[in-house]
Amino acid sequence: MASTIATASPSSMLVFGGNRPFLGNLRRLPVLPISGRRQSVTIVVKAVTDGSNSSESESIVKYVSNAWSTPEDRIALAGLGFAAIVALWASTNLIGAIDKLPFVPGVLEFIGILFSWWFVYRYLLFKPDREELLRSAKKSISDVLGQ
């Protein structure tokens, strides 16, 4: 579980119905004065996670740890990691090489501008087209989620 310490004004740290600060025993951190007075308050925050994201990440961790436990899968897992690093390196170099060509970046930027204007004209300019885009987006989301 993650936790952090932050500062806030003392008025936001009052216990319901009382004038005593909530965390009175912890070390005080200085708060920059706004009206000339110097005040300090400590807040301790703990992160709470919901079960949806943690279950996915736990399943990925379990899969990788299970794959790492067998010697045949270690080689495949290491090869997959190496291939991902090589693919990232190659794509970065390819994009850099294309960017150095004299006219290609300008042409690609012009194509991007034309496509953006077409998209605005086709889907965003008129109300029936916006509704069509919204229906299409909702249909795509439901198809991806399997609903």
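These legends describe close-up views of a predicted model.

**View 1. Two segments annotated as transmembrane regions.** The UniProt record, an unreviewed entry, lists residues 75-97 and 103-125 under "transmembrane region". In the model, residues 75-97 are 100% helix and 0% strand. The C-alpha atoms at the ends of this segment lie 32 Å apart. Residues 103-125 are 91% helix and 0% strand. Here too the end C-alpha atoms are 32 Å apart.

**View 2. Helix α4 from end to end.** Helix α4 covers residues 127-145. It has 19 residues. From first C-alpha to last, α4 reaches 27 Å, close to the 27 Å expected at 1.5 Å a residue. Just after the helix comes G146, with a positive phi of about 75°.

**View 3. D129 and its surroundings.** D129 sits in helix α4. Its relative accessibility is 18%, so D129 counts as buried, the limit being under 20%. Setting aside neighbours within four places in sequence, D129 contacts Y121, R122 and Y123. With R122, D129 also forms a salt bridge. The closest N and O atoms of that pair are 3.9 Å apart.

**View 4. R122 paired with E132.** Side chains of opposite charge can pair when their charged atoms come close. R122 and E132 form a salt bridge, with 3.2 Å between the closest N and O atoms. This pair links distant parts of the chain. R122 belongs to helix α3 (residues 104-124), while E132 belongs to helix α4. The two are ten residues apart. R122 has a relative accessibility of 28%, so it counts as partly exposed. E132, at 29%, counts as partly exposed.

View 5. The side chains of K139 and D143 meet in a salt bridge, 3.1 Å from N to O. Both residues lie in α4, four residues apart, so about one helical turn separates them. D143 is partly exposed, at 48% relative accessibility. K139 is exposed, with a relative accessible area of 52%.

**View 6. The salt bridges taken together.** Salt bridges that share partners join R122, D129 and E132 into one network. A search of the whole structure finds three salt bridges. Among them are R122 with D129 and R122 with E132. D143 with K139 is also one of them.

Technical notes: Residues are numbered from 1 along each chain as its sequence is written. This is a predicted model: local features need pLDDT of at least 70, side-chain atom pairs count only at pLDDT 80 or more; totals for chains, interfaces and linings use all residues. Side-chain values use heavy atoms; hydrogens and water are left out. Buried means under 20% relative accessible area, exposed over 50%, partly exposed in between (1.4 Å probe, protein chains only). Contact means heavy atoms within 4.5 Å. UniProt positions are given in the numbering used here, feature names are shortened, and annotations may be inferred rather than shown by experiment. The expected span of a helix is 1.5 Å times one less than its number of residues. A salt bridge is a side-chain nitrogen of Lys or Arg within 4 Å of a carboxyl oxygen of Asp or Glu.
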